[in-house]
Amino acid sequence: MAKLKIALYWAASCGGCDIATLAIGEKILKLAEAADIVFWPVGIDFKYADVEKMPDKSIDACLFNGAIRTSENEHIAKLLRAKSKIMIAYGSCAYEGCIPGLSNFYNRQMTFECVYIETPSTDNPEKIFPQTKVKVPEGELEIPEFYDTVKTLAQTVDVDYFVPGCPPEEKTTWLALEALIEGKLPPKGTVISHSIKAVCDECPRKKEEKRIKKFYRPYEIIPDPEKCLLEQGLLCYGIATRGGCGALCPQANMPCTGCYGPVEGVVDQGAHFLSALSSIIDSNDPEEIQRIIEDIPDPAGTFYRYSLPDSLLRRARIK
Amino acid sequence: MDNFEPKIVAFCCNWCSYAGADLAGTSRMQYPSAIRIIRVMCSGRVSPFLVLKALSVGADGVLILGCHPGDCHYIEGNYKTLRRIPLLKKMLKQFGIEEERVRLEWVSASEGAKFAEVTSNFTQAIKNLGPSSLGPSKQNSQEARHG
């Protein structure tokens with residue numbers, strides 16, 4: 001059998017997903033037996049021009065990590081879509097927008113002001129911002145345009161599969177790669193994970209009745225190692241998050257932050273976490289309820305930490 | 001802005017508020033035509049998802065009407081709503097959406113007059129606020145404007 005051709009790409013991401021693909025350990029040898037990597041900017045020196053020369057649909061699968069924030073991200077997403085038979089949104093950024101997507105609470109100008117002016121280590125008295133085109137003695141230079149709104153991969157091109165996680169766990173990555181190598185891919189649109197249920201389903205902590213009088217931030221308390229973190233007042237996102245990771249964070253005494261995205265069939269993970277969380281507030285008195293929710297300083301950023309571009313509202317309205 | 005006719009979604013619980021709306025109708029009380037009633041079994045069924053969905057497809061305001069505290073047909077459904085709406089409003093502010101666009105009120109089956117009053121007040125409040133910046137066409141224009 002001819003070897004598979006695989007491409008890997010990173011758009012607006014931190015690089016963690018590229019490392020996560022290597023985290024499969026010695027299984028990488030099985031991957032190397034079955035597939036050739038034809039494009040991987042972080043690991044192999046291929047140029048965009050090499051990809052442009054490939055015939056359409058000549059790549060069997062593309063593992064695309066990172067959100068779409070610049071014109072370069074968008075251009076390469078469209079290019080790789082044309083060249084690939086299967087497009088996989090690998091990791092939370094490509095799937096839901098993730099941390100880069102949080103900048104949808106601001107706009108381009110606000111992001112530039114922060115990055116190029118306000119940060120304490122920046123010295124920019126002339127207030128120079130990136131320009132897409134600039135004339136220098138040698139000619140005109142061009143850099144990609146920085147978009148105002150971060151988008152997910154599926155909001156940009158047609159996507160066949162999604163691999164959740166920030167970054168995806170090793171076993172999740174292998175589940176996708178194994179399906180690819182063995183040609184046993186699930187129906188189009190599947191979110192590839194070992195679970196379609198919530199993280200709580202695989203969390204070994206003892207769960208009783210959830211009634212919360214006060215929310216805590218992780219640094220404020222040392223949680224009981226046996227008891228459900230949410231019942232102890234920590235904003236554990238497990239109830240609204242797809243499992244498959246093995247509930248690793250709660251087992252390390254840290255609340256789940258929601259990186260595997262919504263459980264099967266749910267649109268807008270943040271709204272559902274908000275709903276579940278506020279329903280268990282232990283009060284029927286409006287004033288007391290108001291006091292209790294004061295313990296959550298940044299609800300929007302907490303509920304949409306990984307999914308703002310993929311949510312119903314997609315971005316904040318800037319006046 | 002004078003001829004701005006808002007679109008308002010009113011989720012009414014089956015046992016109290018929908019009956020209250022019915023009473024307003026059979027008693028021939030006037031209430032604004034901006035109100036689009038959606039009957040739900042309980043105000044506790046109105047997940048914040050439904051409120052966001054209504055706003056994202058272009059509702060200028062969302063009204064959630066349920067039984068008075070203590071009167072819920074399902075004992076505590078309306079208490080869950082009572083807890084959700086303040087947190088939802090706090091979050092909407094972060095999205096740049098006026099929290100006044102979402103309102104929770106209690107209307108019993110015998111309060112036809114209150115139904116007419118609440119819907120009229122809310123419609124006026126939304127008229128004063130002006131059109132929502134959300135909705136399919138507006139969302140695209142904001143994204144286009146910002147690149």
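Trainee: What makes α11(A) and α3(B) a contact?
Mentor: Two residues are in contact if their C-beta atoms, placed from the backbone, lie within 7 Å. By that rule Pro286(A), Ile289(A), Gln290(A) and Ile293(A) in α11(A) meet Leu82(B), Arg83(B), Pro86(B), Leu87(B) and Lys90(B) in α3(B). By class, this contact has six nonpolar, one polar and two charged residues. Ala, Val, Leu, Ile, Met, Phe, Trp, Tyr, Cys and Pro count as nonpolar, Asp, Glu, Lys and Arg as charged, and the others, Gly among them, as polar.

Mentor: A word on the source. This is a predicted model: local features need pLDDT of at least 70, side-chain atom pairs count only at pLDDT 80 or more, and totals for chains, interfaces and linings use all residues. Residues are numbered from 1 along each chain as its sequence is written, while chains are lettered from A and ligands numbered from 1 in the order in which they are written.

Trainee: Why is α11(A) called oblique to α3(B)?
Mentor: The two pack at about 45 degrees, with axes 10 Å apart. Axes are lines fitted to C-alpha atoms, for helices over the stretch in contact, and angles run from 0 to 180 degrees between N-to-C directions. Under 35 degrees is roughly parallel, over 145 roughly antiparallel, 65 to 115 roughly perpendicular, and the rest oblique. So α11(A) is oblique to α3(B).

Trainee: Which hand does the crossing of α11(A) and α3(B) have?
Mentor: α11(A) passes α3(B) in a right-handed crossing.

Trainee: What makes α10(A) and α2(B) oblique?
Mentor: Their angle is about 140 degrees, and their axes lie 8 Å apart. The roughly antiparallel class begins over 145. α10(A) and α2(B) are therefore oblique to each other. Ala271(A), His272(A), Leu274(A) and Ser275(A) meet Pro48(B), Phe49(B) and Leu52(B) there.

Trainee: How many residues does each chain give to the whole contact?
Mentor: Chain A gives 29 and chain B gives 26. On the side of chain A, α10(A) gives the most, with six residues. That side divides into 15 nonpolar, eight polar and six charged.

Trainee: How do you know that β1 and β3 of chain B pair?
Mentor: Two strands pair if DSSP finds at least two bridges between them. Five bridges join β1 (8-13) to β3 (61-66) of chain B, and the strands run parallel. Helices (H or I, at least four residues) and strands (E, at least two) are DSSP runs, numbered from the N terminus.

Trainee: What makes β2 and β4 of chain B edge strands?
Mentor: The open sheet has the order β2-β1-β3-β4 (chain B), with parallel pairing. β2(B) and β4(B) each have a single partner strand, so one side of each is left without a neighbour in the sheet. α2(B) lies across β1, β3 and β4 of chain B, at about 150 degrees to β3(B).

Trainee: What pLDDT does chain B average?
Mentor: pLDDT is the predictor's confidence in each residue, from 0 to 100. Chain B averages 92, and 91% of the residues score at least 70. Residues 140-147 of chain B fall below 50. Where pLDDT is low, the predicted coordinates should not be read in detail.

Key
A crossing is left-handed if the near helix is turned anticlockwise from the far one by less than a right angle, and right-handed if clockwise.
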